[in-house]
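This report concerns a single protein chain. Please consult the sequence and the three-dimensional view while reading.

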Amino acid sequence: MQLPNKQPIMENMVVTSAGELGDLIKKALSEGNGAFLKIFAKDASGKYYMTILFDRSKILAAECLLVDKKQSLIGEEAISVLKSFLGKPMVVDVYTLDELEIKLSIADNVDVYAQTPKIPLDELFGKVKEGPPGKAEEKKETATIATAESVPVPKPALAGGVKEKPPVIIKEEPKPAPAPAGKPEVIINFTGGTLPKKAFQIYAEDLLKDAKRIKGLRISRIEFDANVGEGVVYLNVHIYGSSAGSARDIEIAEKRMLHAVSKYAPVLLREAEVKPIIRDVSIVIDGQEVKPQEIVDKDKKKTANVTKDGKISLSALEDVWPYFSAYARTVITEIESAGIKVTKAYFDVKGRREFEINLSMVAETGTSKDAVERIVNDVLTRHARELSRSINRYITVHNIDVEIIAPAITPKAATGAIAVATSGKAAEVLAKKKLLEKEVEQLLKQAGIDELAVLTEEKKKEAEETMLKGRIEPAVETLKSRIHTELKLVPRVTFKWLKMNHEVKGSVIYVDIEASFLRENVGGLFGSFSGVSDEKIRQDIAETVNRIIKEVSREYGIGMALRRLNVIIR
């Protein structure tokens, strides 16, 4: 059979019993969802090379190559050969497989899989007796030993008719008395000192109370490795159990128990007067182990710009971020094709197995807010259904927040409108005014008055200032409104307040801005988690403010510059 290209976790392991082979399989299954064995064996009839594929409970596929005869056995025949060698020396290579690799292995060897009976592992090792074939008369004597991990191979009868010595029964060391039925076992291992065991028993009881409230979960053992220091205890907590629930129930159980370990740790401070520091936690349910950081990584969200200009930004889980980034670009393009100019859009996708889409958007349009929201909701819902089918996840549109900005009238457009509105009579009056000014200018020169140029320049300056003043106020109001709106959309922080002052020097407006934000922390199981620095957030805010100033300056035909920006992040 073919196997995904990977290295074995154990190589050239020699086993002589069903118990030893079972231990190798258990070890492989504790590290993955399945196992693949390569087994080399030899007897008087020849050499054998067996390949066996397992999942957690049964044999999936089996094939055996008779090396000398170059003959291949598949399915039940291969399993029969394996059974005949249980109890004989075999050389085994062990590979561990995850769920995807199991499916790929089945696909690559589908003909072998179809011909192999799906024999449970317990049945395989429970029915087969240990020892070489031909010793059926000793079956009763060795029946109790056959299920042990290792059984010595019986020696052949001595020559000359001397009777074989009766088998020596080795007494096993007494094991600790098992915990009462239904009560999980609590193991406490101390290093560096000791603490009252009562404190750990109370800690374990608190964990078990939480476990009872979790659907389908049964805890069989709780193990504490406690390294006692001066006033502190460093803890490794290992919880073993099983679940009768679905894969989703197991995932929920793992997360809740990881949280419970941290939640109830302070009981050690109360009962034993030492500060608990949790170094490592593992929850093993049905032989599958989950570490805290693996859970945190699964829930880790990525927040970034979807487009280079920063117009569209997205916050979603890393493993589905590419899908939702393409979704965001598609829906914004379609919204803009409906005559709605999107100046800023922020998609917040919440959930892990099922997703809900939240959109905050600033749009420039003459359409009413209700009409825009209806259009946006229709586009988002339609594309969400398509994406849901593509990634096989349930997706809903949860919240849409749209802010409408009226289209700005540029100075050129305003001039054009005035020009159209101006009647022929008004144009004639203006022409006569210019002629009169020239005549007055000539008369003043003849009278020897040279101050006319100065007076004319002052009048021009006054006229320019008056015209500029008429545009400054609306430009400043628009600037303040847009900055206020877009600072609400900055990811990773919550906008609190904005102060803006301006000063006109010549034909340039200098702006001073102060803004306050509250930092949002993405919660993990054992504390807050965030991979973005305050400096990066300040840089994003500064880029947003400068971009808005340039846009407003261009729209109103006024020079605007940022003189001072103070960003407060708490």
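The model is predicted: local features need pLDDT of at least 70, side-chain atom pairs count only at pLDDT 80 or more, and totals for chains, interfaces and linings use all residues. Residues are numbered from 1 along each chain as its sequence is written, and side-chain values use heavy atoms, with hydrogens and water left out.

**Whole chain**

The chain contains 16 helices and 21 strands (DSSP runs, with H or I over at least four residues for helices and E over at least two for strands, numbered from the N terminus). Of its 570 residues, 39% count as buried, that is, under 20% relative accessible area, where exposed means over 50% and partly exposed lies in between (1.4 Å probe, protein chains only). Contact denotes heavy atoms within 4.5 Å. Among contacts between residues at least 6 apart in sequence, 64% join residues at least 24 apart.

**Glu-223 and His-238**

Glu-223 lies in strand S8 (residues 217–228), and His-238 lies in strand S9 (residues 232–243). Their accessibility and side-chain partners are tabulated here. A polar contact is a pair of N or O atoms within 3.5 Å; within protein, one must be able to donate a hydrogen and the other to accept it, and residues adjacent in sequence count only if both atoms are side-chain atoms.

| Residue | Relative accessible area | Side-chain polar contact |
|---|---|---|
| Glu-223 | 16%, buried | Asn-189, 3.3 Å |
| His-238 | 14%, buried | Ser-282, 2.7 Å |

Leaving aside residues up to four places away in sequence, Glu-223 touches Ile-187, Asn-189, Asn-236, Val-237, His-238 and Tyr-240.

**Helices H7 and H8**

Two packed helices are described by the angle between their axes and the distance between the axes. Helix H7 (residues 197–212) packs against helix H8 (residues 247–264) at an angle of about 145°, with axes 10 Å apart; axes are lines fitted to C-alpha atoms over the stretch in contact, and angles run from 0 to 180 degrees between N-to-C directions. Tyr-203, Asp-206, Leu-207, Asp-210 and Ala-211 of H7 meet Met-257, Ala-260, Val-261, Lys-263 and Tyr-264 of H8. By class, this contact has seven nonpolar, no polar and three charged residues (Ala, Val, Leu, Ile, Met, Phe, Trp, Tyr, Cys and Pro count as nonpolar, Asp, Glu, Lys and Arg as charged, and the others, Gly among them, as polar).
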